[in-house]
Amino acid sequence: MNRINKKLLEDKKLLSIYFTAGYPSLNDTKAIIEDLEKSGVDMLEIGLPFSDPLADGPTIQASSTQALKNGMTTEVLFTQLKDIRKTVNIPLIIMGYFNPILQYGVEAFCKKCQEIGIDGLIIPDLPIDVYHEKYQTTFERHSIINVFLITPQTSEERIRYIDSISNGFIYMVSSASVTGSQSGFGEAQTQYFKRISNMKLKNPQIVGFGISDSKTFKQATQFTKGAIIGSAFIKYITKFGVKNLKRFIKQIKD
Amino acid sequence: MSYNINERGYYGDFGGAYIPEMLYPNVEELRQNYLKIMAESEFQKEFNQLLKDYVGRPSPLYFAKRLSEKYKTKIYLKREDLNHTGAHKINNTIGQILMAKRLGKHRIIAETGAGQHGVATATVCALMGLECIVYMGEIDITRQAPNVARMKMLGATVIPAKSGSRTLKDATNEAIRDWINNPVDTHYIIGSVVGPHPYPDMVARFQAVVSEEIQWQLHEHEGKSEPDYVIACVGGGSNAAGAYYHFLDNTNVKLLAVEAAGKGIHSGESAATSVLGKEGIIHGSKTLLMQTNDGQITEPYSISAGLDYPGVGPMHAHLYKTGRAKFLSVTDEEAMSAGLDLCKLEGIIPAIESSHALAVFEKTSFNPTDIVVVSLSGRGDKDLETYIKHFKL
């Protein structure tokens, strides 16, 4: 069983952290992953930086730009992650835009992920129909779970379709926004979380965008399986460095 | 073989809508409605009326006698430079503002590089009384101060794009992000035949008026409605798409696409996407784009801000791959000299973008009986400073 599916069976609200590989320094990747696991994080999204990240706000874009300047590439990331499964057990997901993956070759990329022990991919600009027609069998052959996004604007019919071709979890974007653009949830979000929860989908939902502290984590996970923190974590390591990640995680979990 | 878009939004292998889910409802709303709305007779009536009374269409198809004598062939200039706001860009913004109104949108966003599309968008927003926000790279804002002032006078808010390389591609990213953040009330007026489907097709259809006019105007001049060649410059490719549109499936008409070679194709400072680019995804579309081996989008360069884009529209990628259009590239130097030539021979100061198309005559010879139509996509007023610097005027 894929580590993601196994993790989703645990009777707890899951905390997932996004970080940009190669930021703040090129070779921070492995240490960040190991420290976050030790700090009690349940799942990780490793951002493969892209020059033109359309769905991201200024925080993640700036970290991506810096990571690329530091020399991060697909090949470098794979090399850094080569032995990651000797020390790390939690599910690892690579989040990246489609063009770098397309240039590497989708088949080769999935194969490499499987070799390393990457469990899933999130590719925000890979259209669902293109995935379904061209790449689903490739992903499945290499036991890579593809995670799709839904937003408050996604129609019920489309959510059902996404649920039908997903085999891990659904990434619920909390509001119409890019990453890192809001703080706190209002009534509209709670209604949306509840509405999706009532749809009784086969895949659990994990909320992303807008989660930055223990309050928003609790709100986001009241009706869902877990939540993802990205921009707030990037801001934290920008300010405090990568030495004391436990402190950040502790303030979320308290 | 058809060179037009198929029902799934692709030109051959190129096109589609490679967009994050956050954009899906906006793009899908447009996709479901654009052809229906464009087919409405009320829409057509209003569009054509505005093109006539406001833009000043039809733009002349002018037989350039002295230029023809110099190059020993028959050269016609399609005078898009005479349109209101000085370029072909307004054809598209008129169409899209009418589209936005019918979709019930009251906030308009746009990206701009040199500022031509930004001015054309600000213009139609003023005309319709709609809020207008234009994203422009911080570097371009300083380079193109007069156009920034124009947009402000027309009531638009100009927001600097401070991310990445702070030029056109980043302005486009920012506009897309704005659309993600404002999915309900906002329409995004893309300025070229780029972006996710249906944009490339919609913009091409609004620009198609150019080749529609060429057909009947040429008939008046020559008694036939098809030229032997159509030449146009290609940045994203909207003026070329318009000039080619009605000739796409008529292979008697040879299509020449001119890209900006900047300081030389292999100088590292170029925007010749067909030569330097590879297939990939940019701004939601599968097409040819300039990128690193690792799939990071690289910065193009051209003396002409309108050609300074790292991709081409998917229609052009298809025309290139199938060989339907022949792609040529022209350096800064060659374009500037062709521009000055047109001033002296015909009394027309062209935009530097259009000068790239004109530079083809120095590189390719045509038969004396050939009818060659050049898309003179814009006028050179906006480029005066560059001309002054270049020729030390």
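In chain B, D13(B) and K321(B) join their side chains in a salt bridge, with N and O 2.8 Å apart; the term denotes a side-chain nitrogen of Lys or Arg within 4 Å of a carboxyl oxygen of Asp or Glu. The model is predicted, so to speak of local features a pLDDT of at least 70 is needed, side-chain atom pairs count only at pLDDT 80 or more, and totals for chains, interfaces and linings use all residues. Residues are numbered from 1 along each chain as its sequence is written, chains are lettered from A and ligands numbered from 1 in the order in which they are written, and side-chain values use heavy atoms, with hydrogens and water left out.

Chain B is assigned a domain 1 (11-50 + 89-203) and a domain 2 (56-87 + 208-391), the bounds coming from an automatic or database domain assignment. The C-alpha centres of these two domains of chain B are 22 Å apart.

What polar links join the domains? Between domain 1 and domain 2 of chain B the count is 1 salt bridge, and 11 residue pairs are in polar contact, both residues at pLDDT 80 or more. A polar contact is a pair of N or O atoms within 3.5 Å; within protein, one must be able to donate a hydrogen and the other to accept it, and residues adjacent in sequence count only if both atoms are side-chain atoms.

Turning to the chain interface, 39 residues of chain A are in contact with 35 residues of chain B. About 2800 Å² is buried between chain A and chain B, and carbon and sulfur atoms give 53% of this area. In chain A, D52(A), L54(A) and Q103(A) lose the most area to chain B, together 22% of what that side buries. The interface of chain A and chain B holds 3 salt bridges, and one salt bridge pairs the side chains of E133(A) and R8(B) (2.9 Å, N to O). Across the interface of chain A and chain B, 18 residue pairs are in polar contact.

Chain A itself has 12 helices and 8 strands, and its C-alpha trace spans about 45 × 40 × 35 Å along its principal axes.

Over all chains, the structure holds 39 salt bridges. Among them, R31(B) pairs with E28(B), the closest N and O atoms being 2.8 Å apart. R31(B) and E28(B) are 3 residues apart in helix α1 (residues 24-39) of chain B, which means that about one helical turn separates them.

Conventions. Contact means heavy atoms within 4.5 Å. Buried area is the accessible area (1.4 Å probe) that two parts lose on being put together, summed over both. Helices (H or I, at least four residues) and strands (E, at least two) are DSSP runs, numbered from the N terminus.
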